[in-house]
Structure formats: structure tokens, C-alpha cells
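Biologist: I'm new to reading protein models. Could you walk me through one, feature by feature?

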Amino acid sequence: MNSTYHKWLALIGICSVLLLPSQGYGQFSNSGQLLFEVGGKLPLTRGITTLAGAGGGALTPWATISGNELDRGIGATGHVSHVHVSDFSLTSIGAAVGFYDKVELSYSHNIFDTRDAGALLGLGQDFNIKQDVAGLKVRLVGDAVYDQDLWLPQIAAGVQYKRNNRGDLVKGLGAISRDGADFYISATKLFLAQSLLVNGTLRLTKANQTGLLGFGSTDSSGYAVQPEFSVALLLSRRLAVGGEYRFKPNNLGFAKEDDWLDLFAAYAITDNVSLTLAHTRLGSVATFENQNGVYFSLQAGF
């Protein structure tokens, strides 16, 4: 499937969601039995969508499940996101489905554009690396929003399988494989009285630049635990600001890999549609230093 197909698919999905009612309603059988409900979550409490497609922040997954559904419903989200830093850009298009606020399935197609840097690296102007990411997340215990009388956060575990289309290139750069899996566990707590959301994630990974440059290397082939943190302050029912910090491995010998951070603002235009804008600092990428820029994402869900 080409990038144009993915863009149209995401646009159709978002337009479909825009036509849905903003709050919960049910789907019934012919006998009147409730099959499932749609909607019900407070705006922004489903999180936004990471570049890998899972529900959470822009850079790190949260324990929240994508979609607006509660524990009797099915929901979904679609997203189009774009990161533009000094020498590179990344476009992400994908969707996620949440089942009964318990299980999340996600898919994301990412296009990494080397722009002018591609020519300087000898790859060619606007050289692209395309990556597909399939994810599964399961809520284990807790409810980040409704367990306000408990200190226990919502905890979820997930896996993300990633594969890119440049196997020969990433092996030439020192990676062992073009595909691999990340495993993570996240804990998320919303303190409603303080309008404060806190998330911590531990990721087991050997991905180089989230897998865009392959997995592992001849010097470092094993998994490493990398922590990730997110904090968001709800300024109103529809506006949140915050930041994320993501530790990264440093496997490849030809170029160092820095930690990532962002400072974001997310606004829920309606209960179904949200916009996110972030200042992003990715550090060194493929020998190009100070990769700072912006992250923009349009997301729709029901």
C-alpha cells in the first residue's frame, strides 16, 4: 500500500468519526438487548496517539486504552501526525481500536523522510524509510480516572512489533535486523482534584531510533530497559499542557542516539476530535545534531 492510500484511509476514518454523536449511545440487537455502547469517556482522558499508534502521549504509551468507550463499549481512534525537525521529518498515519476499555489493537504506518540530509548521507534527496507498527495493549488493573479513592494507578502491558522496508540499509549501518518488538508496562494516574495526569512507562527494547534504523547491533544485541515519563496538567475540560521524556538505547556505532523530550498542548475541539502541538527535541539523529522541531497531530475517536 502506498502513502497516498494511507492518507486517504486516515482521512475517511476521521471524517466518519466527525459524523458521530459526541456522547455515548448504544447498539442494540433486534430483541432490544444492548450489544455495546459507544463513547462515555471525559475529553482527553483516552490520551492522544503515539507515533507508534498506541494510546498515550506523542512519544510514550500510557496505560489508557484508545477510543472513547467505557467498560461496556467498543471505541476507536484515527490519527495523522507529523514531526518536522531540523534535517528530517516523520509522518505517521494509523488507527487503534479499544475493546471494553480493556484491550487495544493499533496499527501505524510511518514515513521517515531524510530530505536534504539524504543526499549528504549518500542515500539520495528525500530518501524514505517506511515502517509498519502493530500493537497490542491490555489493561491489567486499576482505572486512571474513576479510581479516585485509590492510590493504585491504571496499569497496562503492551507489545509493539515494528518492521521497516530498508533491511539492507539498516544492516549496512550496523543493525542486526530490520524488524523486532518492543515490550512495555505503563502506569497512569489522573488526580482529578489537582487536574494532573502522571504516567510512567518501562520499555524493553533494542530498537535504534524506534526501529527506523533497525534493531540491535553487533556490539549490543540484547534488550535494555528504558524508562519514559509523562506529565499533563488539565487547564480546562478541553485543554491540557505537559511534557514527556523518553530514555533511548545507544546501540549503533556510527551515530549516537540521544533521549527524546517534548512539551505539548492538546486541545479537544469536540468530544471526538483533538489537536496536539508540541515542541520536540530529538537530539542527534544519524550524525545530525540538535534535531529540534515541532510535532502536530490531528486525531479523531469515538
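Modeller: Let's go from the whole chain down to single side chains. Keep in mind that this is a predicted model.

Biologist: Can we try one residue? Where is Ser274, and is Ser274 buried or exposed?

Modeller: Ser274 is in strand β15, which covers residues 273–281. With a relative accessible area of 4%, Ser274 is buried, because buried means under 20%.

Biologist: Which residues is Ser274 in contact with, leaving aside its neighbours within four places in sequence?

Modeller: Among them are Leu44, Arg46 and Ile48, then Tyr267, Ala268 and Ile269, and also Ser297, Leu298 and Gln299.

Biologist: Next up, the inside. What is the general idea with nonpolar side chains?

Modeller: In soluble globular proteins, nonpolar side chains tend to be buried together. Here, the largest nonpolar core has 35 residues. Phe88, Phe112 and Ile129 have the most contacts inside that core.

Biologist: Which element gives the largest share of this core?

Modeller: That's β14, with four residues. At least two residues each come from β5, α3 (167–172) and β14 (260–268).

Biologist: You mentioned two Phe residues. How do I read a pair of rings?

Modeller: A pair of aromatic rings is described by the distance of the centres and the angle of the planes. This structure holds five aromatic pairs. In one of them, Phe88 and Phe112 sit 5.2 Å centre to centre with 20° between the planes. That pair counts as stacked because the planes are under 30 degrees apart.

Biologist: Where do the two partners, Phe88 and Phe112, lie in the chain?

Modeller: Phe88 is in the loop between β5 (74–85) and β6 (89–99), while Phe112 is in strand β7 (residues 103–113). They are 24 residues apart, so the pair links distant parts of the chain. Phe88 is buried at a relative accessible area of 2%, and Phe112 is buried too, at 11%.

Biologist: Which residues form a cluster through ring pairs?

Modeller: Ring pairs link Phe88, Phe112 and Phe288 into a cluster. Phe88 is also in contact with other residues, including Val83, Asp113, Ala117, Val285 and Gln291.

Biologist: So what about nonpolar residues on the surface? Which elements give two or more residues to the nonpolar patch?

Modeller: The patch has about 830 Å² of accessible area together, and its members include Leu140, Val141, Phe183, Ile185, Leu202 and Leu204. The elements giving two or more residues are β8 (128–141), β10 (179–191) and β11 (196–205). Take Leu204, in strand β11: its relative accessible area is 33%, which makes it partly exposed.

Biologist: Last topic, charges. What's the idea there?

Modeller: Side chains of opposite charge can pair when their charged atoms come close. The count here comes to 10 salt bridges. In one of them, the side chains of Lys162 and Asp182 meet at 3.0 Å, N to O. Lys162 is in strand β9 (residues 154–164) and Asp182 in strand β10, 20 residues apart.

Biologist: Are Lys162 and Asp182 buried or exposed?

Modeller: Lys162 counts as buried at 2% relative accessibility, and Asp182 counts as buried at 0%. Now look at Arg163 and Asp179, which meet in a salt bridge at 3.8 Å, N to O. These two link strands β9 and β10, 16 residues apart. Arg163 counts as partly exposed at 35%, and Asp179 is partly exposed at 23%.

Biologist: Which residue forms a salt bridge with Glu228?

Modeller: Arg203 does, with the closest N and O atoms 2.5 Å apart. Glu228 is in strand β12 (residues 224–234) and Arg203 in strand β11, 25 residues apart. Both Glu228 and Arg203 are buried. Salt bridges that share partners join Lys162, Asp182, Arg203, Glu228 and Arg246 into one network.

Note on methods:
Residues numbered from 1 in each chain as written. Predicted model: local features only at pLDDT ≥ 70, side-chain atom pairs only at ≥ 80, totals over all residues. Heavy atoms only, no water. Buried < 20%, exposed > 50% of the residue type's maximum accessible area, 1.4 Å probe, protein only. Contact = heavy atoms within 4.5 Å. Patch = residues over 30% accessible without salt bridge, like charges linked within 9 Å, V, L, I, M, F, W, Y side chains within 5 Å. Areas by Shrake-Rupley, 256 points an atom, 1.4 Å probe, with all protein chains shown as cover. Salt bridge = Lys/Arg side-chain N within 4 Å of Asp/Glu carboxyl O. Phe/Tyr/Trp six-rings, centres within 6.5 Å; stacked < 30°, edge-to-face > 60°. Core = buried A, V, L, I, M, F, W, Y, C linked by side-chain atoms within 4.5 Å.
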